[in-house]
Amino acid sequence: MGFNSKGIHAITRENSLPNKWDRIGALNDENFTTLPEKRIPYTHDERAIPYLENPHVRHIGEFDNNNYFDVVDAIKDNDIDKLNTIMKKSECDKVSSIEFKDLYTSYNEYIDRVKVEIGDIDATYGLKGKVAQWKSGTKIYMNGGAEQIVTPFNRFVLKRFGILVNIK
C-alpha cells in the first residue's frame, strides 16, 4: 500500500483525517498525502512516485470529518437505511441498493487487502503513515517520507458522500 512499515497508524475518531489533502494521479485511487501548512507540498521524491510534472493531474482539497466515520460505519455495518439518513442530512443523493452492495463489497475487499499487505491493524476508517522508499536491493530510486493517508474508499466515493470538499 506504499507505506513505510514502521509507524502505520489507524485513522480513528480521535486521530481523524487531516483538514487538507493533496493527490497526484488518477482520481480512482484511495491514497492521499497531507497538504502541509508550513512548507511546500511534498515532492515527487518524497511521495515515491516517478512522475513528470503535470498540473492537470494534481488535486487538492479538504476532508470534511463531520460524517466520515458515520458513513464508514453504515457501510461496514451493511446498513443502507443509516447511510441514506446521513445522505439526506448532508443533502446528497440517496444510495441505491445496487450502489450500496458495491460499496459494501469494496469496503470488505479493502479490509481484506490491508490484512494481506499490512497485517493485523485496525483499518476500519483508513490508515496514516509515511511513504516508503522506492528501492531495489540497495539502490534507492525515490526517498519517500511524505505523510500518506489510505482510506477505504476512493476520491469519487468520498466526493459523492460530501467528505471531499473544496476540490481544486
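**The loops, looked at closely**

Author: Asn78 is placed in the loop between α2 (65-76) and α3 (80-89), where helices (H or I, at least four residues) and strands (E, at least two) are DSSP runs numbered from the N terminus. This is a predicted model, in which local features need pLDDT of at least 70 and side-chain atom pairs count only at pLDDT 80 or more, while totals for chains, interfaces and linings use all residues. Residues are numbered from 1 along each chain as its sequence is written, and side-chain values use heavy atoms, with hydrogens and water left out.

The predictor's confidence in each residue, pLDDT, runs from 0 to 100; the protein chain averages 89, and 98% of the residues score at least 70.

Most residues other than glycine have a negative phi. Asn78, however, has a positive phi near 60 degrees, and Asn78 counts as partly exposed because its relative accessibility is 44% (buried means under 20% relative accessible area, exposed over 50%, and partly exposed in between, with a 1.4 Å probe and protein chains only). The loop between α3 and α4 holds Glu91, which is not a glycine either and has a positive phi of about 60 degrees. With a relative accessible area of 75%, Glu91 is exposed.

Another loop, between β8 (147-150) and α5 (155-160), contains Asn154, which counts as buried at 19% relative accessibility. The side chain of Asn154 reaches the backbone nitrogen of Phe156 at 2.9 Å, and a polar atom of that side chain lies 3.0 Å from the backbone nitrogen of Val157. A polar contact here is a pair of N or O atoms within 3.5 Å; within protein, one must be able to donate a hydrogen and the other to accept it, and residues adjacent in sequence count only if both atoms are side-chain atoms.

As for the strands, two of them pair if DSSP finds at least two bridges between them. Strand β4 (residues 58-63) pairs with strand β2 (residues 20-24) in the antiparallel sense over 5 bridges, and Ile24 has Arg58 of β4 as its bridge partner. Strand β4 also pairs with strand β9 (residues 164-165), again in the antiparallel sense, over 2 bridges, and here the partner of Glu62 in β9 is Val165.
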